[in-house]
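My entries follow in the order in which I looked.

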Amino acid sequence: MTRPPQLRPRPRLLLAAALLCCSTAWAHGDVTPQVVDTTGLPKLGADWKGENPYRGHAAAIKIGASAYNQNCARCHGLEAISGGIAPDLRKLDNECVTLKVDTRKKACVAEIDQYYASSVRKGKVRNGAVYMPGFEGILNQEATWAIKSYLETRRERPL
Ligand code: HEC
């Protein structure tokens, strides 16, 4: 899907990411992607939802926080505060904040949800360089949306 304009990659950051995170940190055993136990969350089935089905769901937020720490924090930063090597995920929904009409705001958030899910599933690979590994087959749909629910509690600009 098309990437919203404010999410365009910044080449120098990406170079840093490729050099720092992917070649060194990723190779260490202690940063192997972790399977996430989503027992207790409503089952979502095989088809991917068009938007986060767990928004505001307390149990999902809790599981998502731990899943984020195990799988994403090493690049995107503890508590989603980026140190600069990967995008700051607290800003993911920022472009939706200023929309005044409620239906448009909802549509904007849903679009970012889709961009989020596809980024996590497929990872970020360009010209043969892996900027972020894909999590398809490691994180199930439940875990992926639980992490988004956690990230929504960390928004830079709450909706
Ligand atoms: C090895 C480091 C690494 C790990 C681990 C990682 N990411 Fe990323 N991620 C990146 C980099 C670097 C980018 C920017 C890539 C680009 O723009 O092409 C990125 C981009 C993204 C984007 C798109 C953000 C935007 O503003 O366009 C999302 C969403 C995302 N990551 C979510 C996650 C989640 C959720 C996890 C954990 C399940 C995760 N990432 C794990 C490095 C990582």
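**Metal site.** I started with the iron atom of the ligand, whose protein donors are His 76 (NE2) and Met 132 (SD), at 2.0 to 2.1 Å from it. Donors here are N, O and S atoms within 2.8 Å of the metal (3.2 Å for Na, K and Ca), and because water is not among the atoms, sites may look incomplete. This is a predicted model, in which local features need pLDDT of at least 70 and side-chain atom pairs count only at pLDDT 80 or more, while totals for chains, interfaces and linings use all residues. Residues are numbered from 1 along each chain as its sequence is written, and side-chain values use heavy atoms, with hydrogens and water left out.

What arrangement do the six donor atoms around the iron atom make? I noted it as octahedral, because the angles they subtend run from 85 to 179 degrees. For the term, six donors count as octahedral if opposite donors are over 155 degrees apart and all others between 65 and 115.

Helices (H or I, at least four residues) and strands (E, at least two) are DSSP runs, numbered from the N terminus. His 76 counts as buried because its relative accessibility is 11%. Met 132, at 17%, counts as buried too. Buried means under 20% relative accessible area, exposed over 50%, and partly exposed in between (1.4 Å probe, protein chains only).

**Whole chain.** I listed six helices and two strands in the protein chain. From the N terminus on, the order is α-α-α-α-α-β-β-α. Of the 159 residues, 40% are buried. I also looked up contacts between residues at least 6 apart in sequence: 69% of them join residues at least 24 apart. Contact means heavy atoms within 4.5 Å. The accessible surface of the chain is about 9,000 Å², and carbon and sulfur atoms account for 56% of it. Accessible areas come from the Shrake-Rupley method with a 1.4 Å probe; for residues, only the protein chains shown count as cover.

**Helix 5.** Helix 5 (residues 102-122) has 21 residues and reaches 30 Å from its first C-alpha to its last, close to the 30 Å expected at 1.5 Å a residue. The expected span is 1.5 Å times one less than the number of residues. Its buried residues include Lys 105, Cys 108, Ile 112, Asp 113, Tyr 115 and Tyr 116. I found the buried residues of helix 5 packed against helix 4 (94-97), strand 1 (124-126), strand 2 and helix 6 (141-153). Gly 123 follows helix 5 and has a positive phi, near 75 degrees.

**Helix 2.** Helix 2 (residues 58-71) has 14 residues, which should span 20 Å, and its end C-alpha atoms are 20 Å apart, which agrees. Buried here are Ala 60, Ile 63, Gly 64, Ala 67, Tyr 68 and Asn 71. They lie on the same side of helix 2, because they cover an arc of only 140 degrees around the axis. The arc is that of the directions from the helix axis to the C-beta atoms. On the other side of helix 2, Ala 58 and Lys 62 are exposed. Helix 3 and helix 6 are among what covers the buried residues.

**Backbone angles.** Most residues other than glycine have a negative phi. I noted Glu 79, which is not a glycine but has a positive phi of about 55 degrees. Glu 79 sits in the loop between helix 3 and helix 4 and is partly exposed at 48% relative accessibility. Asn 127 also has a positive phi, near 50 degrees. Asn 127 belongs to the loop between strand 1 and strand 2 and is exposed, at 85%.

**Two loop residues.** Is Asp 93 buried or exposed? I have it as buried, with a relative accessible area of 3%, in the loop between helix 3 and helix 4. Leaving aside neighbours within four places in sequence, Asp 93 is in contact with Ile 112, Lys 148, Glu 152, Arg 155 and Leu 159.

Last, I looked up Glu 51, in the loop between helix 1 (11-22) and helix 2. Glu 51 is partly exposed, at 40%. Not counting residues up to four places away in sequence, Glu 51 touches Ala 110, Asp 113 and Trp 145. Glu 51 and Ala 110 are 59 residues apart in sequence and 5.1 Å apart in space, C-alpha to C-alpha.

How values were computed:
Four donors count as tetrahedral if all angles lie between 85 and 135 degrees; four count as square planar and six as octahedral if opposite donors are over 155 degrees apart and all others between 65 and 115; anything else is irregular.
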